[in-house]
Amino acid sequence: MSRTPPPLGPGGEFDIIRRVLKDATPPGPEIALGSGDDCALIRHGDGFLALSVDLSVEGGHFVSDWGTPELIGERAVRIAISDLAAMSAEPLATLVSLNTPRTAGSGLAERIFRGCLAATEACGAAHIGGDLSHAADAIVIDVTALGKVVEPLLRSTARPGDALWVTGRLGAAAAAVRAWKAGGKPKDRWRRRFWEPPPRIEEARWLARAGASAAIDLSDGLLADSGHIAAASGIGLEIDWEAVPAAPEIETEIALAGGEDYELLVAAPRDIFTDDTTAEFELTFGVPLTRVGRAVSGSGVRVFRAGQEIEAASPGFDHFGDEG
Ligand SMILES: [Mg+2]
């Protein structure tokens, strides 16, 4: 494994990271993988410790009226642990830094923190530390997730000829956000999908054992996150519009471009995942495994509809998109 960071995909957020880290000192030999993937990897025993940190800010990532304080905490932990799943790592622990507005009183912090603890334990991990503050006038949660893995799935190891697969169905969380922002009330299953995304921990380990070559979790949307696999692996990805597994009543466009699903995009050598593989996956986990496209020589992500390349509405969620 190379300690050189894999290239990031397009986007204003990633332009900032690129500008700063080009001046960074490369990490020492204990660090098997630095920034640029879903987790950093530190050599440990026969394998690695996987580490990731994920920030949730009120007004940016969520609006508190959309859910309860407990759900705010749960979601922050679930999306942090999703990065462990993306490396096929097993969760060990979380650390949680939480700011709540001074005006909110201690009850809010306690309820959010309880949500963090519940999600941590539901994922088989232990809460091992953190920090609480009452300063700025917003809820801010920063969750560090720690896991262990022997053979990690990376973003940088997809190869031309690989097939691309997606777990579950896409678009429900984005549909919930869209409904809230329009002043409406999302369907219950959309709302649940936004607040309680399921980190695909066991699914990822299963797929790694079955021969997957690369993976990423879909935080920013299938299109945007495909761009990260393409950039990290130095290849192009082709996605078939008709194959995108949209959640019920969700338009393909939202399934393709909407973020927050926290399903997995996985590459695997062509023909390794057979009909038996997908049937067994669905039987084991209760969600589909869908072939959505292929890796090719070249760069970037292209979408095909009825065999013709189309201009897909792009990028998913980009916090700094107006600069990029
Ligand atoms: Mg990720």
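Student: Why is E260 called buried in this predicted model?

Tutor: The relative accessibility of E260 is 12%. Buried means under 20%, so E260 with its 12% counts as buried.

Student: Where is E260, and what is its phi?

Tutor: E260 sits in the loop between α8 (252–257) and β10 (264–268). Its phi is positive, about 75°, although E260 is not a glycine.

Student: Which other residue has a positive phi without being glycine?

Tutor: S88 does, with phi near 60°. S88 belongs to the loop between α2 and β4 (90–99).

Student: Is S88 buried or exposed, and how do you know?

Tutor: The relative accessible area of S88 is 7%. The cut-off for buried is under 20%, so S88 is buried.

Student: What makes K187 partly exposed?

Tutor: K187 has a relative accessible area of 33%. Partly exposed covers the range between buried, under 20%, and exposed, over 50%, so K187 at 33% is partly exposed. You can find K187 in the loop between α4 (172–181) and α5 (188–195).

Student: How far is K187 from S106?

Tutor: They are 81 residues apart in sequence, and their C-alpha atoms are 31 Å apart in space.

Student: Let's turn to the metal. What makes D38, D83 and D217 donors of the magnesium ion?

Tutor: Their OD atoms lie 2.0 to 2.1 Å from the magnesium ion. A donor is an N, O or S atom within 2.8 Å of such a metal, so D38, D83 and D217 qualify as its protein donors.

Student: What spacing do the donors follow along the chain?

Tutor: The pattern is D-x44-D-x133-D. D38, in the loop between β1 (31–33) and β2 (40–44), and D83, in helix α2 (residues 69–86), are 45 residues apart, and the pair links distant parts of the chain.

Student: Why are D38 and D83 described as buried?

Tutor: D38 has a relative accessible area of 5%, and D83 has one of 10%.

Student: Now the largest pocket. How much space lies in it, and which residues are closest to its centre?

Tutor: About 950 Å³ of space lies there. Of the 33 lining residues, the closest to the centre are E13, F14, V53, D54 and D83.

Student: Which elements give two or more residues to that lining?

Tutor: They are α1 (12–21), β3 (47–57), α2, β8 (214–217) and α7 (222–233). Strand β3 gives the largest share, 5 residues.

Student: How do the lining residues divide by kind, and which domains do they come from?

Tutor: There are 13 nonpolar, 8 polar and 12 charged residues in the lining. Domain 1 (37–149) and domain 2 (163–310) each give at least three residues.

Student: What does the UniProt record say about D54?

Tutor: The unreviewed UniProt entry has a "binding site" annotation that covers D54 and D131. From this set, D54 is taken into the lining of the largest pocket. D54 is in strand β3, while D131 is in strand β5 (residues 126–133).

Student: What makes D54 buried?

Tutor: Its relative accessible area is 17%. The limit is under 20%, so D54 is still counted as buried.

Student: Which residues does the "binding site" annotation that includes H61 cover?

Tutor: In the unreviewed UniProt entry, that annotation covers H61, E260 and F317. The lining of the largest pocket takes in H61, E260 and F317. H61 is in the loop between β3 and α2.

Student: Where does UniProt place the "binding site" feature that includes R155?

Tutor: The unreviewed entry places it at G130, D131, R155 and S219. These residues spread over 90 residues of sequence and up to 31.1 Å between C-alpha atoms. Of these, R155 and S219 are included in the lining of the largest pocket.

Student: One more on strand β3. How do you know that F48 is buried?

Tutor: F48 lies in strand β3, and its relative accessibility is 11%. With buried meaning under 20%, F48 therefore counts as buried. F48 and E282 are 234 residues apart in sequence and 29 Å apart in space, C-alpha to C-alpha.

Notes: Residues are numbered from 1 along each chain as its sequence is written. This is a predicted model: local features need pLDDT of at least 70, side-chain atom pairs count only at pLDDT 80 or more; totals for chains, interfaces and linings use all residues. Side-chain values use heavy atoms; hydrogens and water are left out. Donors are N, O and S atoms within 2.8 Å of the metal (3.2 Å for Na, K and Ca); water is not among the atoms, so sites may look incomplete. Helices (H or I, at least four residues) and strands (E, at least two) are DSSP runs, numbered from the N terminus. Buried means under 20% relative accessible area, exposed over 50%, partly exposed in between (1.4 Å probe, protein chains only). On a 1 Å grid over the protein atoms alone, a cavity is a set of points where a 1.4 Å probe fits but cannot get out, and a pocket is an open set with protein on both sides within 12 Å along at least five of seven lines; lining residues have an atom within 4 Å of a point. Grid points are joined across faces, edges and corners, and a volume is the space filled by probe spheres set on the points. Ala, Val, Leu, Ile, Met, Phe, Trp, Tyr, Cys and Pro count as nonpolar, Asp, Glu, Lys and Arg as charged, and the others, Gly among them, as polar. Domain bounds come from an automatic or database domain assignment. UniProt positions are given in the numbering used here, feature names are shortened, and annotations may be inferred rather than shown by experiment.
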